[in-house]
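Here is a short briefing on one protein structure.

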Amino acid sequence: MTVSVRVPATSANLGTGFDALGLALSLHNTVTLKPLPAGAADPARAATADESLPVAAYEHVCHAHGIEPLTVHAKVTGDVPSSRGLGSSATCIVGGVLAADALHGLGLGADELVRLATDVEGHPDNVAPALLGGVVVSAVSDGRVHSLPVGLPAGGELDLLLAVPDHPVSTEAARAALPAQVPHADAVHNAARSALLVASLATGRWELLGEAMDDRLHQPYRAGLVPGVTEILALARSSGSAGACVSGAGPSLLVVAPGPDTAARLTEHLAGHPWGWQLLHLPLDPTGARVVGPRPA
Ligand code: HSE
């Protein structure tokens, strides 16, 4: 059986929720895993990074559940660009985890799927919303992952604008830019605001999002990775949006509830930027990853 899984892109951190908060976007990859006949050459030798990640995730699930993995070939298609802070690695990992569940009939629950995907990704803020959809808050504790959806109020559509450059930034480089220690006052600043962020989202108090998304733990240290990012975010905030932040490890930017002029003013500003930028209106994906294509081999 060949299994295909459709997985949404994600925007992690949401400013102050570093490694904890994320949301799923209506932009998708499809990950297809095809078992190969016994004795087939190991396709991992020639695999690209996008092809090897789903296989690694598939094999991790098998090993964690005491199953001998099949030799599988992975293919990733879709619209989620790599190394742009939109969770493309998470789409590959979640695709591999759900394909393993489907191929071996494991019937794993959401908590176990999130835990296994987090093992491979290293942090839960992309894989949890990619699996569950919507906005998700997660905390890792001794190999367990506690992930809870943040329910938005009825009728509380979250309008999202993504600014996506034509230039990649690797997550490894962005994580290497972080300090080993931060000032206590900055930790307090973020703790208060990440809690305010969840409460603002849950109650529809969009007017508090600007303050709630004001990060001091990662964005200032990574500012050198995207030319002019501080000015771009300031413009997004001052042009009528509720809030703006770097998406995941960057370089894309997330603008929440943009004002009527926000897109036009960003377009004008970004026309003079050294990188080419695309603006995408992407609604939340409320449902998360789904197996879409089991079919006979
Ligand atoms: N929370 C992660 C980071 C997201 O900012 O490094 C990217 O994988």
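**Annotated span and pockets**

The end C-alpha atoms of residues 53–134 are 24 Å apart, and this span is 56% helix and 9% strand. Helices (H or I, at least four residues) and strands (E, at least two) are DSSP runs, numbered from the N terminus. The model is predicted: local features need pLDDT of at least 70, side-chain atom pairs count only at pLDDT 80 or more, and totals for chains, interfaces and linings use all residues. Residues are numbered from 1 along each chain as its sequence is written, and side-chain values use heavy atoms, without hydrogens and water.

**Annotation**
- An unreviewed UniProt entry annotates residues 53–134 as "domain: GHMP kinase N-terminal"; such annotations may be inferred rather than shown by experiment.

**Largest pocket**
- Its volume, the space filled by probe spheres set on the grid points, is about 490 Å³.
- A pocket is an open set of points on a 1 Å grid where a 1.4 Å probe fits, with protein on both sides within 12 Å along at least five of seven lines; lining residues have an atom within 4 Å of a point.
- Of the 30 lining residues, Ser89, Glu121, His123, Thr171 and Glu172 lie nearest the centre.
- Helix 1 (49–64), helix 2 (88–103) and helix 5 (171–176) each give the lining at least two residues.
- Domain 1 (3–152) and domain 2 (160–281) each contribute at least three; the bounds come from an automatic or database domain assignment.
- The lining has nine nonpolar, 13 polar (Gly among them as a class) and eight charged (Asp, Glu, Lys, Arg) residues.

**Second largest pocket**
- This pocket holds about 260 Å³ of space.
- Gly134, Leu152, Glu157, Leu284 and Pro286 lie nearest its centre, among 17 lining residues.
- Eleven lining residues are nonpolar, four polar and two charged.
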